[in-house]
Amino acid sequence: MFLKGYLPYRLNLLAELTSENTQAIYRRRHGLTRMEWRVLVNLSEAPTLTASELCERVPAHKTKVSRALAALETRSWVTRRSDEADRRFAHAALTLKGKRAFNRIRPEMVAATEELLAPLSAEDRHKIDEGLKVLERLFGQD
């Protein structure tokens, strides 16, 4: 079968299945969309990011990232300020409320991931991690 050996399909399918496993946490418990969660996570790892930088990191189209930023801003989890050198850009950052929200959600997501991987041996987990590192290097994401 073509699809069983087609890397883009396999990666996408596994990403979707993995994401579905944690969706209940960020969506049902915390009222976040997938994109809002991804933006929140990325902002937790950088002091500020522009929408363009978020688009590269998430990855997603600018309109989806902008909507997610607006929703997080409405919750007072994110602030945006114009770049003084170039007003076309705005820098987004987590507020204290946003950092607290992320710190509340993060352990739940870690626990869900741990539960997902629980049936695997330490050796299998290591193989997965090593395989992902190889793919990240392949795509310049290391």
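Leaving aside neighbours within four places in sequence, Arg-34 is in contact (heavy atoms within 4.5 Å) with Glu-16, Ser-19, Gln-23, Tyr-26 and Arg-27. The model is predicted: local features need pLDDT of at least 70, side-chain atom pairs count only at pLDDT 80 or more, and totals for chains, interfaces and linings use all residues. Residues are numbered from 1 along each chain as its sequence is written, and side-chain values use heavy atoms, with hydrogens and water left out.

**Arg-34**

- Arg-34 belongs to helix 3, residues 34-44; helices (H or I, at least four residues) and strands (E, at least two) are DSSP runs numbered from the N terminus.
- The side chains of Arg-34 and Glu-16 make a polar contact at 3.0 Å. Such a contact is a pair of N or O atoms within 3.5 Å; within protein, one must be able to donate a hydrogen and the other to accept it, and residues adjacent in sequence count only if both atoms are side-chain atoms.

**Aromatic pairs**

- Three aromatic pairs are present in the structure; rings of Phe, Tyr and Trp (its six-membered ring) pair if their centres lie within 6.5 Å, and planes under 30 degrees apart count as stacked, over 60 as edge-to-face and the rest as tilted.
- Tyr-26 and Trp-37 form a stacked pair, with 6.3 Å centre to centre and 5° between the planes.
- Because Tyr-26 lies in helix 2 and Trp-37 in helix 3, this pair ties together parts that are eleven residues apart in sequence.
- Tyr-26 and Trp-37 are both buried, a class defined as under 20% relative accessible area, with exposed over 50% and partly exposed in between (1.4 Å probe, protein chains only).
- Ring pairs join Tyr-26, Trp-37 and Phe-102 in a cluster.

**Largest pocket**

- The largest pocket has a volume of about 2000 Å³. On a 1 Å grid over the protein atoms alone, a pocket is an open set of points where a 1.4 Å probe fits, with protein on both sides within 12 Å along at least five of seven lines; lining residues have an atom within 4 Å of a point. Grid points are joined across faces, edges and corners, and the volume is the space filled by probe spheres set on the points.
- Its lining comprises 38 residues, of which Leu-14, Ala-15, Thr-18, Leu-132 and Glu-136 lie nearest the centre.
- Helix 2 provides the largest share of this lining, eleven residues.

**Thr-95**

- Thr-95 is located in the loop between strand 3 (90-94) and helix 6, and is buried at a relative accessible area of 15%.
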